Amino acid sequence: MTTYISASILGADLLHLAEECDRLKANNVDMLHFDVMDGQFVNNISFGLPVLEKLSRYTDIFKDVHLMISDPLKYIPDFVRAGSDMITFHVESNSDADQVIEAIKNSGVKCGISVKPGTPVETVYRYLDRVDMVLIMTVEPGFGGQGFIPETAEKIRTLRKYITDNNISIDIEVDGGINEKTVSVVREAGANVLVSGSYLFNASSMADAVVSLK
């Protein structure tokens, strides 16, 4: 099972995003995790379409777009046009999950579905044959720099067992508090796409930080 590293833009130097993208590519980071928050679904506002569009014009790094918004269905076409390579939405959002998945897949980009720490992972089982990835939040979504919630490891383990038992080919992504101390926990549980922000961007050596996660 291949491990991929997705760097959360929340941890980047926002005054120098172009240079930060260059740094990610130079240090073998696989994806840019683009956190989108609307101030409604989560109690924070982050980045939107203009920033994603500018970054897409500048760099070809894989854009792992995470929509923490109330009505993702309304914005799928816009985020596709802005350069998303994968769009992940929350099963807890107000949009109909089946319609969101259909809209994303019909747009030709990869589709992910996410659950908050308090949402049973079994909620997403019925969608697994149509998505490319499940994102299990290992902190409450909304802010970077939070500590890993240990209880979420069991959700990862449960999902990985279900995927294996049913011969489903799908990635499991984790987001929140991922660093050199917590990575062994989530990898042992079955996660293979690791989102990390502060740990990567603030490391004295990003290259060494990437190696420690992989």
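Reply: Leaving out residues up to four places away in sequence, Gly-176 touches Thr-138, Val-139, Phe-148 and Val-195, where a contact means heavy atoms within 4.5 Å. The model is a predicted one, in which local features need pLDDT of at least 70 and side-chain atom pairs count only at pLDDT 80 or more, while totals for chains, interfaces and linings use all residues. Residues are numbered from 1 along each chain as its sequence is written, and side-chain values use heavy atoms, with hydrogens and water left out.

Gly-176 sits in the loop between β7 and α6 (183–189); helices (H or I, at least four residues) and strands (E, at least two) are DSSP runs, numbered from the N terminus. With a relative accessibility of 7%, Gly-176 counts as buried, a word that stands for under 20% relative accessible area, with exposed meaning over 50% and partly exposed in between (1.4 Å probe, protein chains only). Between the C-alpha atoms of Gly-176 and Met-86, which are 90 residues apart in sequence, there are 19 Å, and between those of Gly-176 and Glu-140, 36 residues apart in sequence, there are 7.9 Å.

Glu-140 itself belongs to the loop between β6 (133–137) and α5 (152–165). Glu-140 is partly exposed, at a relative accessible area of 39%, and, neighbours within four places in sequence aside, is in contact with Pro-117, Gln-146 and Ile-149. In the loop that runs between α5 and β7 (171–175) lies Asn-167, which is exposed, with a relative accessible area of 73%. Asn-167 has a positive phi, near 55°, in a residue other than glycine. Most residues other than glycine have a negative phi. Asn-28, in the loop between α1 (17–26) and β2, also has a positive phi, of about 65°, although it is not a glycine, and Asn-28 is exposed, at 55% relative accessible area.

Thr-3, in the segment before β1 (4–8), is buried, with a relative accessible area of 12%. Setting aside neighbours within four places in sequence, the contacts of Thr-3 are Asp-30, Arg-187, Asn-192, Leu-194, Leu-213 and Lys-214. Leu-194 is also one of the residues with the most contacts inside the largest nonpolar core, together with Val-124, Leu-128 and Leu-159. That core has 59 residues, and a nonpolar core is a set of buried Ala, Val, Leu, Ile, Met, Phe, Trp, Tyr and Cys residues joined through side-chain atoms within 4.5 Å. Val-124, again without counting residues up to four places away, touches Val-91, Ile-113, Val-115 and Val-134.

In helix α4 (residues 97–106) lies Asp-98, which counts as partly exposed at 23% relative accessibility. Asp-98 touches Arg-126, Tyr-127 and Arg-130, residues up to four places away not being counted, and the C-alpha atoms of Asp-98 and Tyr-127 are separated by 7.8 Å although these residues are 29 apart along the chain.

For the chain as a whole, there are eight helices and eight strands. The radius of gyration (taken over C-alpha atoms) is 16 Å, close to the 17 Å that the globule rule (2.2 Å times the number of residues to the power 0.38) gives for 214 residues, so the chain is as compact as a globular protein of that length. The C-alpha trace spans about 40 × 35 × 30 Å along its principal axes, and 51% of the 214 residues count as buried. Of the contacts between residues at least 6 apart in sequence, 65% join residues at least 24 apart.

One further feature is a pocket. The second largest pocket is lined by Val-36, Met-37, Asp-38, Gln-40, Phe-47, Ile-69, Ser-70, Asp-71, Tyr-75 and Phe-79, and the elements that give two or more residues to this lining are β2 (31–37) and α3 (72–81). On a 1 Å grid over the protein atoms alone, a pocket is an open set of points where a 1.4 Å probe fits, with protein on both sides within 12 Å along at least five of seven lines, and lining residues have an atom within 4 Å of a point. The volume of the second largest pocket is about 180 Å³, that is, the space filled by probe spheres set on the points, which are joined across faces, edges and corners. Its lining divides into six nonpolar, two polar and two charged residues, with Ala, Val, Leu, Ile, Met, Phe, Trp, Tyr, Cys and Pro counted as nonpolar, Asp, Glu, Lys and Arg as charged, and the others, Gly among them, as polar.
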